[in-house]
Amino acid sequence: MTENVIKANRLPAITWNWLKMNDVSVDVGGLKGEGSIELQVPQGLDISQVTPEEKAVLDKAETGMGKAVADFFGESLDAGFSVAVDKDVKSKEPVRLNIKYADDKSAVRGYIAARENSELFIINDMTGNKALSGGQALETRLLLKEGAKVKLVEVYDAGEDAEIVSNIGAELSDGAELSLIQIFLGGKKVSAGALAALSGEKSAFYSDTAYQVPAGSSYDFNYVARHYGKDTYADMNANGVLNENSYKQMRQTIDFLKGCAGATGKERENVMLMNEKLINKTIPLILCQEEDVVGEHGASIGKLSEEILYYLKARGLSEDQIYELVAGGKLMSVVSKINDEETEKKLSARILGSAAGEEE
């Protein structure tokens, strides 16, 4: 283990080490805060900066990838972006955040604060960095005050040799609601984690992840919903496609803490295997310190049935075409939840081919 390699995505309740499922090693050597950030704000929406008091709360927040990764961002980088909306301000149109990394080893840290009863929609499109072959890292911290609603969309489409680090931490007050949508379409290695602290009563966390692991690539995920408040709700879903010689590990944890009576947590993953030569690990975990809670978890993993293949082949499709069609549909089921025509059209063209969007 070198000085620049740190442990991340630690499973909240560790299992046998020989299973190699407890964490992942991430190389942060050479990552630095260089690049440009373009912020496009809808007409009529006033945004401000996160206050020092809000930043202090966010700096203490847990993140999905864990303390070592959070310390790296905190000690190495200043805030790359800071977005806040005032009390009762509501916007259905997205704030568009485009991060352009300066070189092959860049990292960005950002803060988002939604004040009481506000609504904020942010799309962070990282696809402009596809030409870079090195490391690309992003940490996002969110503070949702009472009654606030935030939808955060992150889209990654990295080069075939690129390494991605995506770290998220969120603090939710009473009645707050966070919807997180992440799309991962490329990269040699992806390490991503998100943690939502449901501190307020009736706060809610919705997470939808779509990933396509290219041949020979490795993806590692860690999603955690910590239920502190009463009647809190979490629903974490992932849809993925694994190609030949790829590796994927998905951790989803619902953590019911003492005092969260009436809480509900759900976690599901649906994985499509495009080849038999690959490694897929799925770890749905429920931790419970409270009696009056409801937890659900499950996973669906496999290839297409012979009946489906026969049916579609009879209609003139080859087996390769069938798998590509079904795999694309699995990813698009998450993309359709973004509810932004520009982003959905772009991703549809990328996932289903240029015929689905504008001609290239």
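This is a predicted model: local features need pLDDT of at least 70, side-chain atom pairs count only at pLDDT 80 or more; totals for chains, interfaces and linings use all residues.

What is the strand order of the open sheet of nine strands, and what kind of pairing does it have? I read the order as β3-β5-β7-β9-β11-β13-β15-β17-β19, and the pairing is mixed. At the edges I find β3 (35-40) and β19 (294-302), and each has a single partner strand, so one side of each is left without a neighbour in the sheet. Direction ignored, neighbouring strands here are turned by 10° against each other on average.

Eight strands form an open sheet with parallel pairing, and I wrote down the order as β4-β6-β8-β10-β12-β14-β16-β18. The edge strands are β4 (81-85) and β18 (279-288), each of which pairs on one side only, and the twist from one strand to the next averages 5°. Inside this sheet I picked out β8 (residues 135-144) and β10 (residues 163-172), which run parallel and are joined by ten bridges; Q136 has I164 as its bridge partner in β10. Helix α2 (residues 67-76) packs on the sheet, where it touches β6 (105-114), β8 and β10, and its direction makes about 95° with that of β8.

Which residues line the largest cavity? My search of the whole structure gave one cavity of 30 Å³ or more, and the space in the largest cavity is about 80 Å³. Its lining consists of V26, D27, L31, K105, G135, Q136, A137, E163, I164, V165, K189 and S191, and the elements that give two or more residues to it are β2 (24-27), β8, β10 and β12 (189-198). I note that Q136 and I164, the bridge partners recorded above, are both among these lining residues. By class, the lining has five nonpolar, three polar and four charged residues.

I turned to the open spaces after that. The largest pocket holds about 240 Å³ of space; of the 20 residues that line it, E62, T63, G66, K67 and L195 are the closest to its centre. Helix α2 and strand β14 (218-227) are the elements that give two or more residues to this lining, which divides into seven nonpolar, five polar and eight charged residues.

The second largest pocket holds about 190 Å³, and its lining is made of S91, K92, E119, L120, F121, K149, V150, K151, E177 and S179.

Last, the overall form. I have five helices and 19 strands for the protein, and its C-alpha atoms fill a box of roughly 60 × 50 × 45 Å along the principal axes. The radius of gyration is 20 Å, which agrees with the value near 21 Å that a compact globule of 360 residues would have.

Technical notes
Residues are numbered from 1 along each chain as its sequence is written. Side-chain values use heavy atoms; hydrogens and water are left out. Two strands pair if DSSP finds at least two bridges between them. Helices (H or I, at least four residues) and strands (E, at least two) are DSSP runs, numbered from the N terminus. Axes are lines fitted to C-alpha atoms, for helices over the stretch in contact, and angles run from 0 to 180 degrees between N-to-C directions. Contact means heavy atoms within 4.5 Å. On a 1 Å grid over the protein atoms alone, a cavity is a set of points where a 1.4 Å probe fits but cannot get out, and a pocket is an open set with protein on both sides within 12 Å along at least five of seven lines; lining residues have an atom within 4 Å of a point. Grid points are joined across faces, edges and corners, and a volume is the space filled by probe spheres set on the points. Ala, Val, Leu, Ile, Met, Phe, Trp, Tyr, Cys and Pro count as nonpolar, Asp, Glu, Lys and Arg as charged, and the others, Gly among them, as polar. The radius of gyration is taken over C-alpha atoms; the globule rule is 2.2 Å times the number of residues to the power 0.38.
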